[in-house]
Amino acid sequence: MSDTTALSPRDYAIQLNGLIERRRYPQARTTLSEALLQYPEDSQLLFASAHIDYLTGDKEAARQTLHAVLAREPLHYGARSLLINVLEDSEELEQAELLIIELLREYPEEAFQYARYAMLMYRTLHIDKAKELAREALRLDPEDELALTACLIGDIIDGRRGAEAASLANLMRGHPDSQTTARMLVSHLVSRGHYRAAKRIAIELLHLYPHSTEILELVVKLEALSHWSMLPLWPLNRWGWGASAAFYFITLLAMNLIRKDAPTIAGIATWTILGYCAYSWLYPPLLTRWLKRRAGL
């Protein structure tokens with residue numbers, strides 16, 4: 001009998017974990033095939049199979065294997081934790097959240113689960129809840145990378161100087177999912193009119209991808225929106241056509257009320273409103289064009 005065939009399922013699992021950590025997936029698959037020939041029902045080996053499938057891009061195979069593991073061991077921590085990743089990748093965010101909550105009830109001191117819950121809340125645009133979860137994750141484990149990422153994103157949104165750009169860039173490189181989160185946060189912050197916070201996040205993305213024309217254009221757009229000279233247009237940018245319609249309706253109503261009693265004031269107001277309209281139509285594209293030229297676009 002060879003040394004390989006004498007290995008226990010636990011020995012195989014340790015060996016597979018080492019290969020996975022070193023990203024030696026072909027060798028891991030070979031070892032896994034040998035292991036499953038002897039122990040086809042072992043949950044740890046099946047979990048390793050799902051893990052390899054997930055890391056090599058076969059998410060559906062990973063899902064099916066994870067369900068098989070959980071059918072045998074419903075409380076298998078690794079299988080449930082990896083299934084959260086699969087659910088998030090498939091945009092099944094509600095199911096992913098329920099599974100994270102389930103794990104947190106069983107493991108209330110698990111910093112990583114709080115951190116990934118925070119990232120999920122950023123992704124679903126529950127910003128305040130995300131920041132609270134991130135702080136709890138960092139309290140439980142100040143060295144956890146995902147907790148640092150979640151806290152730093154919150155710091156950038158709040159404009160805190162303690163959020164170091166280089167640290168955030170390194171953490172985003174280590175957690176590709178946070179790049180998607182960052183882009184979604186930019187869109188959310190723009191929709192809420194928080195242009196400066198959105199620009200700070202976009203600038204960090206540009207540091208990660210300095211040759212990306214798309215991200216540079218996003219930074220320029222946000223620079224224009226957050227420019228001091230655009231402040232009078234903030235309500236229109238924030239609420240769009242609804243704000244424009246309300247502004248013009250209120251303006252016409254007010255003009256009709258004061259035209260007879262105060263024609264001089266009405267005349268000044270008319271020219272002021274016309275000037276504001278011209279400014280709102282002409283100035284933003286001119287500013288954006290100038291900023292693009294300055295950025296080399």
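Tutor: A crossing is left-handed if the near helix is turned anticlockwise from the far one by less than a right angle, and right-handed if clockwise. The model is predicted, so local features need pLDDT of at least 70 and side-chain atom pairs pLDDT 80 or more, while totals for chains, interfaces and linings use all residues. Residues are numbered from 1 along each chain as its sequence is written, and side-chain values use heavy atoms, without hydrogens or water.

Student: How many helices are there in the protein chain?

Tutor: Helices are DSSP runs of H or I, at least four residues, and strands are runs of E, at least two, numbered from the N terminus. The protein chain has zero strands, and its helices number 15.

Student: What percentage of the residues in the protein chain is buried?

Tutor: Buried means under 20% relative accessible area, exposed over 50%, and partly exposed in between (1.4 Å probe). Of the 297 residues in the protein chain, the buried share is 42%.

Student: How are α5 and α6 oriented to each other?

Tutor: The axes of α5 (residues 77-89) and α6 (residues 93-106) come within 8 Å and cross at roughly 155 degrees. Because angles over 145 degrees count that way, α5 and α6 are roughly antiparallel.

Student: In which hand does α5 pass α6, and how many residues of their contact are nonpolar?

Tutor: The crossing of α5 and α6 is left-handed. Contact means heavy atoms within 4.5 Å, and among the residues that meet are Tyr77, Ile84 and Leu87 in α5 and Ala96, Ile100 and Leu103 in α6. The residues of this contact include four charged and two polar ones, and the nonpolar ones number nine.

Student: Is Leu99 buried or exposed?

Tutor: Leu99 belongs to helix α6. Beyond its neighbours within four places in sequence, Leu99 contacts Arg80, Leu83, Ile84 and Leu87. Its relative accessibility is 11%, so Leu99 counts as buried.

Student: How far apart in space are Leu99 and Ser81?

Tutor: Ser81 is one of the α5 residues in the contact with α6. In sequence, Leu99 and Ser81 are 18 residues apart; from C-alpha to C-alpha the separation is 8.1 Å.

Student: What is the relative accessible area of Arg23?

Tutor: Arg23 sits in the loop between α1 (9-21) and α2 (25-38). Although not a glycine, Arg23 has a positive phi of about 60 degrees. Arg23 is exposed, its relative accessible area being 66%.

Student: At what angle do α7 and α8 pack, and how many residues of their contact are charged?

Tutor: Helix α7 (residues 111-123) and helix α8 (residues 127-140) have axes 8 Å apart and an angle of about 160 degrees. That makes α7 roughly antiparallel to α8. The contact has 13 nonpolar residues and no polar ones, and its charged residues number three.

Conventions: Axes fitted to C-alpha atoms, helices over the stretch in contact; angles between N-to-C directions. Parallel < 35°, antiparallel > 145°, perpendicular 65-115°, else oblique. Nonpolar A, V, L, I, M, F, W, Y, C, P; charged D, E, K, R; others polar.
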